[in-house]
Amino acid sequence: MPSSDVPSSEPTNHVLEFPGGYTRSVGPVIGRFLSELRDGRLKGVRTRTGRVLFPPVEYDPDTGDDVTDEFVDVGPVGTVTSWSWVPNPRKTHPLDRPFAWALIRPDGADTALLHALDLGVFELGAKPPRRLKTGMRVRPRWRAERVGGIGDIECFQPEVTMINAPSRLEYRLQGGRALDRFLEGVEQGKILGHRCDVCGQVIVPMKGLCPKDGVPTSEEVELPDTGTVTTFAVNNLPDPRAPEVPFVSAYILLDGAGLTMLALVAGIPADQVRMGMRVRAAWRPREEWTRSMANIRWFEPTGEPDVPFDEIKDHI
Amino acid sequence: MRPVAVVAFAQTRHTGEDAGLSETELLAPVITEIKRRTGVTRFGFTCSGSNDYLVGAPFSFVSALDAVGAWPPISESHVEMDAAWALYEAWVKLQHGEVDTALVYGFGKTSQAAYPEVFTQSLDPYYLAPLGVDQVSLAALQARAYLEHTRTDERRLREIAAKARADGRANPSALHLDDPGDDDGYEVAPLRPHDVAPVTDGAAAIVLAAGDKARELAERPAWITGIDHRGEPHQPGFRDLTSSPSTRLAAAKAGGADGVEVAELHTQFSHEELILRDALDLGDGVAVNPSGGPLAANPVMATGLIRIGEAAARISGGTAGRVLAHATSGPCLQQNLVCVMSGEQSDG
Amino acid sequence: MANPCAVIGVGQTAYKTKRPDVSMAGLLREAARRALDDAGLTWTDIDAVVIGKAPDLFEGVMMPEGYLADALGASGKPIMRVHTAGSVGGSTANVAASLVQSGVHDRVLTVAWEKQSESNATWALTVSGPYTTSLVVGAGGYFAPHIRAYMRRSGAPDHIGTLVAVKDRENALKNPYAHLKIPGISREMVESTPMLWEPIRYLETCPSSDGACAMVLASEDAAKRAPNKPAWVHGTAMRSEPIFFAGRDTVNPQGGIDCAADVYRQAGITDPRREIDVAEVYVPFSWYEPMWLENLGFCGEGEGWKLTEGGATALDGDIPWNASGGVLSSNPIGASGMIRFAEAALQVRGMAGEHQVDGARRALGHAYGGGAQFFAMWIVGSDKP
């Protein structure tokens, strides 16, 4: 692992990945380039001042002016204008053995393309090979099956194993001390909040500070798992966490809390939920509890009489 | 222009590993400290810099607002950039003359994911990001171009890193890193691990004040005599990587680096100090990154702001009369901000 | 005092579900070039660029000002990127105006956009990590309870939201850029659509759009040389408050009240309903029209729905709201706020075309975001302040 990575061996616990990948429309200039690339041709585009941009963009990078519609054959041979050497590739890199990144200016172009440069088989951690030099002449290695992407060139120079480049990032997140403590409580079936020294209100879940007064909070208060629905929505679009459609999302003022929490309400037909309705948390069976808010499935009616609107109107 | 000064600067003791704090928890003590030091609890304007991709979820800046005490509601804005640009926005706002103080902050944790790969997401989505090229690999391309062009030996990079780490060990806020080893391998040649800014979690805040308010809040305000930022084309292949024309231009617009005694530069890689020294015409007499700089602590999104804070601290501490701070963004020094400060208020 | 600032160019793309014919840069350049054409300028005339959009997860390009710098002619120039959640289009315009008002620059290009078709809005807005205490996802699930609270508090009858949904879609038929165009839109049609998040019906919500909006802002000197009539900025304001705290009024948030008071003070407005001729207000769910009418001081608390019901906010009413069709008709999220600001400018320039409000001299542009906690507003006028 490169040293600028996280020095932790813990597994990641969060993945940011848009399912299926982003759908990028490319427009006429990049589109023409990628279409030609798929056919195995390298095309640059000419600016109004006569320069040939490669890879082509819709604008002169110096002035912002539109480029002309003249596409020009360039390369395929090109010259390395700068390079860096990767002794230990990342999993996001296109090659899984040591390789170079290079800026390559194809013959006939005035700008350079960034791409990977494969120089053969090396042990992980290898030093840059001597033949890797600025000024080196290189050619693209075309992928047999081309789809119209910059990866249609596998790399510049010989044999290689291509790896997909997914847009996936992994994290080891920390919820923070206050949230950790809150979830620790939830793991034991307790709902914890902090009382603010300034406004006296109980903040749940606590954050270690009062967002209103901007002061640190530390006085822990355990709250009951009962409360009052202040206001709610009937949702007719499915949600993985909800039992069925329609379902109710509601702001619930836990007894003793200064502010409401957004949660699901179930155990009652959606059209019978009311502002002021008394509810209690429906916990999952104790053996399923984890350090997560999911321990509470949703809130259900207690059957107590409704709280008058006047008593909750300052919480909406 | 209306005279505006840095009157206070606070930062976390940055950590090289996750200390279990959320971004908001990192930030809150810094805000508390800067309010205490200035005695100001309500600012005319507030502006922050942060990045959603550091935690892989949208709206980092929304939860950060909890640390500020935004009640009653505050006049506030946010840039999804290094907080040095938030400071620029606040400086512009102070020029209107309607408000006299501004709070600026930035925060970031790179301990939660591989930042060089997170950085890939900021690249051209058609030509660069699909290649999976990361921040270190791109920087190494620029390093190669510079070293070859100027016939500089790689050993010069190790000297820069060694000095940064030594200075960092003398700075309580920075990471305390060992001297570079003699046979460290390449991370991405020609860059070795010590040439790359470390994983860092941290936050920082600055208070700006205008005119008399600045004199009231600080004994020795660091007056901003010029601040400007400039960009270059995005694709590294469209640029001459051996120089930083946008830094040169920003410095010229900010009144130039003449007479500067200390420069805090946003050098996430050793070779960037050489390129920036050239672009800023900094002579050997100028102390560069006495704080240790980003090579000793790099809480991204706050790193650029910290440069301004550290440089200003030389003026408020009375050890320098004229200083320069630099911040950068994008691949291979694409975008650069220069802020020149002085103990003497300029005439505008 | 701040230097005068004028809008001398406005450019918009057509708002559509998908713009598969353009790249991201191409989308922004389309709007920007139209704004430059309106201002009689070229890329090189611009001193600085300010861009804005909602979370980067929408298009998966982090800190896109880097990739877009040269695409927007910003080589050798300053470029900044603003992000204040849903209010961002408005905040971005305010930051760009600030660059002129401060005397730093003479001609600033500002662009806001969203290309929602590159991913999925619900995903991009609600990706959450392992540490989350919310049991609900989606904007509708968040806002519908507040709408219910408003209805209860004000005693508004159920059909008010429907009236707004019809009115804004009728206006959209007069706007060549609008996304949702529903000929023959009627109360019956809106009422026949399903409840998505009761009390919000399908046609009472905004669409998801691709699109960009751009403006050129100019100093007094630069405005003098503009070929078309400028709109002068009479005031700009922003306010933020935390999303969850004890005692927060989420129906009538203090941040909106304070922001409006600030921008009215700057513009010398004491009676907004009388002194403002047309307003472009961020209404993504139809019920937010009566709610914002009250929040913005166009009437007393609990009275907003009566203005809507009485037709005051219609194109031929005494205070037309969202003559362009509003967010209910076009919603490229990051741009939606800037579209409000730009449409306000078009109105006082007399350049709003078929949806022009006759004789409009002063207009409000409004945007909000997050949990109705971030606000950005400006007042523009046909006269130099």
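A residue is treated here as buried if 20 or more other C-beta atoms lie within 10 Å of its own, as exposed if 12 or fewer do, and as partly exposed in between, the C-beta atoms being placed from the backbone. The structure is a predicted model, in which local features need pLDDT of at least 70 and side-chain atom pairs count only at pLDDT 80 or more, whereas totals for chains, interfaces and linings use all residues. Residues are numbered from 1 along each chain as its sequence is written, and chains are lettered from A and ligands numbered from 1 in the order in which they are written. Helices (H or I, at least four residues) and strands (E, at least two) are DSSP runs numbered from the N terminus.

In chain B, helix α9 is mostly covered, with 8 of its 11 residues buried. These buried residues are B:Ser270, B:His271, B:Glu272, B:Glu273, B:Ile275, B:Leu276, B:Ala279 and B:Leu280, and what covers them includes α5 (135–150), α6 (155–169), α8 (245–253), β7 (262–264), β8 (287–288) and β9 (322–329) of chain B. B:His271, which is found in α9 of chain B, counts as buried because it has 25 C-beta neighbours inside 10 Å. Two residues are taken to be in contact if their C-beta atoms, placed from the backbone, lie within 7 Å; when neighbours within four places in sequence are left aside, B:His271 is in contact with B:Gln142, B:Ala143, B:Tyr146, B:Leu147 and B:Leu157. The C-alpha atoms of B:His271 and B:Thr200, which are 71 residues apart along the chain, are separated by 20 Å.

B:Glu273 also lies in helix α9 (residues 270–280) of chain B, and it counts as buried because 24 C-beta neighbours fall inside 10 Å. Leaving aside neighbours within four places in sequence, B:Glu273 is in contact with B:Ile160, B:Leu265, B:Thr267 and B:Val288, while its C-alpha atom is separated by 9.2 Å from that of B:Asn289, 16 residues apart along the chain. The helix α9(B) is followed by B:Asp281, whose phi is positive, near 50 degrees.

Chain B touches both other chains considered here, A and C. The contact between chains A and B takes 59 residues from chain A and 55 residues from chain B. On the side of chain A that touches chain B, β1 (14–16), β5 (78–86), β6 (99–106), β7 (113–117), β11 (169–171) and α2 (177–187) of chain A each supply at least two residues, and β5(A) gives the most, with 5 residues. With Ala, Val, Leu, Ile, Met, Phe, Trp, Tyr, Cys and Pro counted as nonpolar, Asp, Glu, Lys and Arg as charged, and the others, Gly among them, as polar, this side of chain A has 30 nonpolar, 19 polar and 10 charged residues.

The contact between chains C and B takes 50 residues from chain C and 48 residues from chain B. Here α2 (65–68), β3 (79–82), α3, α4 (121–126), β8 (231–240) and α9 (254–267) of chain C each supply at least two residues of the side that touches chain B, the largest share, 5 residues, coming from α3(C). By class, this side of chain C has 26 nonpolar, 17 polar and 7 charged residues.

Within chain C, helix α3 (residues 88–101) packs against helix α14 (residues 333–349) at an angle of about 60 degrees, with the axes 5 Å apart; axes are lines fitted to C-alpha atoms, for helices over the stretch in contact, and angles run from 0 to 180 degrees between N-to-C directions. By class, the contact of α3(C) with α14(C) has 6 nonpolar, 6 polar and 1 charged residues.

Strand β4 (residues 107–115) of chain C is mostly covered, 9 of its 9 residues being buried. C:Arg107, C:Leu109, C:Val111, C:Trp113 and C:Lys115 point one way from β4(C), and C:Val108, C:Thr110, C:Ala112 and C:Glu114 point the other way. Two strands pair if DSSP finds at least two bridges between them. Strand β2 (residues 48–52) of chain C is joined to β4(C) by 5 bridges and the two run parallel, with C:Val111 as the bridge partner of C:Ile51. Strand β7 (residues 210–218) of chain C is joined to β4(C) by 9 bridges in the antiparallel sense, and C:Val108 stands opposite C:Leu217 in β7(C).
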